[in-house]
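Take a look at the chain shown here. Keep the sequence at hand as you read.

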Amino acid sequence: MAHSRTTSALAAILLILLSAALHPVLAQERDRFMDRIVAVVGEDVITQRELVQRLETAEQQLVQRGVAIPDRDALVRQVMERMVLERIQLQEAERVGIRIDELTLNRTMENIAAENNLTLRQLRNALQAEGVDFNQFREQIRDELTIAQLRRRQVEDRLRVGEQEIDDLIAAESGAIDRDVRYHLAHILVALPPGADSRTIAEAREKSGTLRDRAVAGEDFASLAITYSDAPDALEGGDLGWRGAADVPTLFARNVILMRPGEITPVLRSPNGFHIVKLIDREGRSDVAVQQARVRHILISPDQIRGDREAEEEARILYQRIQDGASFEDLARAHSDDPGSAGRGGELGWLSPGETVPAFEEAVDRLPVGEVSPPVQSPFGWHIIEVLDRRAVDATRELIRARAREILQNRKREEETELWLRRLRDEAFIEYRIEGLRS
């Protein structure tokens with residue numbers, strides 16, 4: 001496992017970082033040592049240049065968020081830990097054959113630009129104006145996509161939620177599930193190593209209690225998290241962001257549901273260690289009414305003999321026959337390619353939002369009751385649609401079960417991801433060449 005090699009490396013880095021901007025000789029010294037290796041992670045290395053760049057980025061982000069920059073040693077530890085976890089995950093992704101192709105990456109870059117109301121060229125220019133290398137930014141996005149895909153494959157796709165679990169959760173936390181509540185949380189983790197002995201556990205518990213007391217007394221929670229938390233979100237001041245009830249980990253949920261903004265939980269114990277959670281804010285509403293539409297349709301699908309153009313033409317002929325007075329029900333029975341509804345004259349029954357593909361749902365939303373649509377294309381083919389009726393229904397029970405399932409999936413996802421990351425890290429070869437970093 002990891003071992004510290006250079007006793008003075010951290011002090012040298014800190015001196016160079018703090019003083020280079022003020023003294024040209026020290027600036028040259030920083031440049032001379034930029035490519036020194038500060039950590040070995042499996043078959044990869046982290047250089048001083050990379051560490052310096054990430055430290056500068058982290059400081060900029062903290063300043064933008066109005067969070068006080070912590071002690072430099074603490075910041076170096078958190079940034080290095082983040083980089084180590086990233087390298088471990090990227091190596092695991094390569095091992096299992098995950099690779100983000102150029103087409104996917106290009107589309108993601110275009111989406112990022114569009115979300116900021118920019119073209120890709122404008123995004124490049126904006127990044128360069130801020131001193132960010134566009135190619136490095138692009139590769140960073142590739143790494144983020146790679147890690148996200150790895151986590152989906154290794155964690156999310158293996159999550160299972162049983163009906164009994166849903167029933168138990170509804171019974172225990174129905175007050176949270178049947179309300180559309182969002183929580184803004186922050187979090188500190190004092191981690192325990194696997195197989196920790198009683199002395200280590202007691203020390204971690206005492207440290208957690210002290211941190212909680214300091215937070216309750218008014219000390220800045222974000223600064224405490226950056227300095228002391230062992231969680232992956234420590235560098236963000238422990239900020240977990242806004243989360244629906246579905247995204248609050250099981251361990252936190254029972255406390256957070258009853259808390260007021262600004263309150264801090266007692267120290268909470270999990271297999272990973274001791275947690276302290278602060279509820280920064282909350283918001284929500286309780287509207288669970290759903291607008292449903294009773295719909296029937298005729299589907300004409302392309303096949304090996306009939307291409308898309310021919311399918312559209314046939315759908316237009318049927319639409320015209322309905323306009324001329326032919327029975328929708330009879331035509332659906334005779335011509336629709338939807339085996340589930342054709343025998344019922346095209347009847348789909350009452351549909352709630354989200355039950356059909358977007359193109360179909362949008363057409364239904366636009367149609368007045370009793371009116372038949374011209375052919376509408378979806379991934380399944382061409383539809384002729386009629387809305388027979390509309391109603392508002394209380395879908396509380398259905399929504400409660402759906403939300404309970406989502407809550408369990410998201411809680412399991414977070415907990416399993418944290419355990420999976422810990423296993424990856426414990427199994428990886430990590431050698432620090434800066435004294436003071438944990439192995």
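The report below goes from the whole chain to single residues.

## Ground rules

This is a predicted model, where local features need pLDDT of at least 70, side-chain atom pairs count only at pLDDT 80 or more, and totals for chains, interfaces and linings use all residues. Residues are numbered from 1 along each chain as its sequence is written, and side-chain values use heavy atoms, leaving out hydrogens and water.

## The whole chain

The chain holds 16 helices and eleven strands. Helices (H or I, at least four residues) and strands (E, at least two) are DSSP runs, numbered from the N terminus. Of the 439 residues, 42% are buried. Buried means under 20% relative accessible area, exposed means over 50%, and partly exposed lies in between (1.4 Å probe, protein chains only).

The accessible surface comes to about 23,700 Å², and 47% of that belongs to carbon and sulfur atoms. Such areas come from the Shrake-Rupley method with a 1.4 Å probe; for residues, only the protein chains shown count as cover. Now take contacts between residues at least 6 apart in sequence: 72% join residues at least 24 apart. A contact means heavy atoms within 4.5 Å.

## The nonpolar cores

A nonpolar core is a set of buried Ala, Val, Leu, Ile, Met, Phe, Trp, Tyr and Cys residues joined through side-chain atoms within 4.5 Å. In soluble globular proteins, nonpolar side chains tend to be buried together. The largest core here has 30 residues. Ile-46, Leu-51, Leu-75, Val-79, Met-80, Val-84 and Ile-88 touch the most other members. Elements that each supply at least two residues include β1 (37-41), α3 (48-64) and α16 (396-427). Helix α4 gives the most, with eight residues. Another core, of 20 residues, lies apart and includes Leu-169 and Leu-240.

Ile-46 has contacts beyond its neighbours within four places in sequence, among them Val-38, Met-80 and Val-84. Val-52 sits in helix α3. Val-52 is buried because its relative accessible area is 2%. Val-52 and Val-76 are 24 residues apart in sequence, and their C-alpha atoms are 9.1 Å apart in space.

## A hairpin

Strands β1 and β2 (residues 44-47) run antiparallel, joined by four bridges. Two strands pair if DSSP finds at least two bridges between them. Val-40 stands opposite Val-45 in β2. Two residues lie between the strands of this hairpin, and Gly-42 takes a positive phi near 60°.

Which residues of helix α15 (residues 358-366) are buried? They are Phe-360, Ala-363 and Val-364. Seen down the axis, the buried residues of α15 fall within an arc of 100°, so they line one face of the helix. The arc is that of the directions from the helix axis to the C-beta atoms. Pro-358, Asp-365 and Arg-366 are exposed on the other side.

## Two polar contacts

A polar contact is a pair of N or O atoms within 3.5 Å; within protein, one must be able to donate a hydrogen and the other to accept it, and residues adjacent in sequence count only if both atoms are side-chain atoms. Arg-182 lies in strand β3 (residues 180-191). Arg-182 counts as partly exposed because its relative accessibility is 32%. The side chains of Arg-182 and Glu-283 make a polar contact of 2.4 Å. Arg-182 also touches Trp-242 and Asp-281, among others.

Ser-223 is in helix α10. Its relative accessibility is 19%, so Ser-223 counts as buried. The side chain of Ser-223 makes a polar contact of 2.8 Å with the side chain of Asp-220.
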